[in-house]
Amino acid sequence: MSVYQTIIRNVSAGKKMLAALLDPDVFAGNRLSAMIEHLQHTPPDFVFVGGSTSSASMETLICALKNALTIPVALFPGNISQFVPSADALLNISLVSGRNAEYLIGQHIAVSMAIKRARIEVIPTAYMLIEGGRISTTEYVSNTRSIPSDRPGIAVATALAGEQLGMRVVYLEAGSGAKTPVSAEMIKAVRTQIGVPLIVGGGICTPQQLQNAFGAGADLVVVGNVLEKEPQMLEALKKMTV
Ligand code: 1GP
């Protein structure tokens with residue numbers, strides 16, 4: 001079953017999903033081995049691999065994860081240099097909240113033939129940056145502006161446009177390490193208008209925050225920073241999905 005089919009099946013069954021986001025710059029050597037043990041003991045639904053500025057080998061990390069785990073490993077690349085063919089799927093991210101053509105379509109053109117050759121599963125993703133209390137790395141690197149956190153109407157219209165352009169998931173992103181995660185109000189507003197699965201991430205560190213996102217309508221929540229600081233938190237977070 002493809003990663004997207006798994007997402008759809010879970011959404012239909014009302015099962016909430018958790019993805020652990022690993023940055024290859026952080027997870028290598030002993031730190032990676034320790035993280036793999038946590039992931040084996042408490043497997044989330046997916047592992048996402050990537051980062052806005054990662055320079056370490058994606059290939060090495062993906063191979064290590066795929067050798068050790070049975071859950072799907074998906075690429076969540078910050079830019080085309082992070083594309084590698086060995087993952088189970090690629091979140092093909094178009095930064096639809098911004099007006100930088102490079103991140104809307106430019107990078108995608110540059111890597112399209114490599115994606116075709118890889119025969120990797122592609123999940124077209126409407127990626128939306130939402131203000132998260134500080135300038136996120138993605139916002140800075142992409143030279144775009146986030147959607148103000150108190151303007152759910154802009155987020156709804158943007159998400160709908162992404163869906164109408166054929167994107168298969170919407171991802172509301174407060175930015176890695178956000179001070180404020182995407183609000184329940186904004187998640188709810190987007191959820192009630194779109195038909196595709198809704199991914200939410202950025203600044204979610206506690207079971208309560210995870211529960212808030214799920215309760216507001218997130219289908220899949222991505223956590224990264226918290227696992228870098230407190231990998232043992234995975235267990236408490238995973239409990240919220242069952
Ligand atoms: C970032 O949505 C992810 O792209 C996860 O954010 O690292 O803050 O959990 P955190």
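**Entry 1: the model.** I note at the start that this is a predicted model.

**Entry 2: salt bridges.** How many salt bridges does a search of the whole structure find? I got four, and I wrote up some of them.

I began with Asp-45 and Lys-15, whose closest N and O atoms are 2.9 Å apart in their salt bridge. Asp-45 sits in the loop between helix H2 (29–41) and strand S2 (46–49), and Lys-15 in the loop between helix H1 (3–13) and strand S1 (17–22), so this pair ties together parts 30 residues apart in sequence. Is Asp-45 buried or exposed? I found 15% relative accessibility for Asp-45, so it counts as buried, the cut-off being under 20%. Lys-15 has a relative accessible area of 27%, so I put it down as partly exposed.

Next I looked at Lys-66, which forms a salt bridge with Asp-88, the closest N and O atoms being 2.6 Å apart. Which parts of the chain does this pair link? I placed Lys-66 in helix H3 (residues 58–68) and Asp-88 in the loop between strand S3 (73–75) and strand S4 (89–95), distant parts of the chain with the two residues 22 apart. Lys-66 is partly exposed because its relative accessibility is 35%.

Then I turned to Asp-150 and Arg-151, whose side chains meet in a salt bridge at 3.6 Å, N to O. Asp-150 has a relative accessible area of 54% and is therefore exposed, the cut-off being over 50%. Arg-151, with 43%, is partly exposed.

**Entry 3: a nonpolar patch.** Which residues form a nonpolar patch on the surface? I listed Ile-135, Tyr-140 and Val-141, with about 360 Å² of accessible area together.

**Entry 4: Glu-163.** I located Glu-163 in helix H6 (residues 152–164). At 23% relative accessibility, Glu-163 counts as partly exposed. What does Glu-163 touch, not counting residues up to four places away in sequence? I noted Gln-193, Ile-194, Gly-195 and Val-196. I also checked Ala-126, 37 residues from Glu-163 along the chain: their C-alpha atoms are separated by 7.5 Å.

Conventions
Residues are numbered from 1 along each chain as its sequence is written. This is a predicted model: local features need pLDDT of at least 70, side-chain atom pairs count only at pLDDT 80 or more; totals for chains, interfaces and linings use all residues. Side-chain values use heavy atoms; hydrogens and water are left out. Helices (H or I, at least four residues) and strands (E, at least two) are DSSP runs, numbered from the N terminus. Buried means under 20% relative accessible area, exposed over 50%, partly exposed in between (1.4 Å probe, protein chains only). Contact means heavy atoms within 4.5 Å. Patches are made of residues with over 30% relative accessible area and no salt bridge: like charges are joined within 9 Å, nonpolar side chains (Val, Leu, Ile, Met, Phe, Trp, Tyr) within 5 Å. Accessible areas come from the Shrake-Rupley method with a 1.4 Å probe; for residues, only the protein chains shown count as cover.
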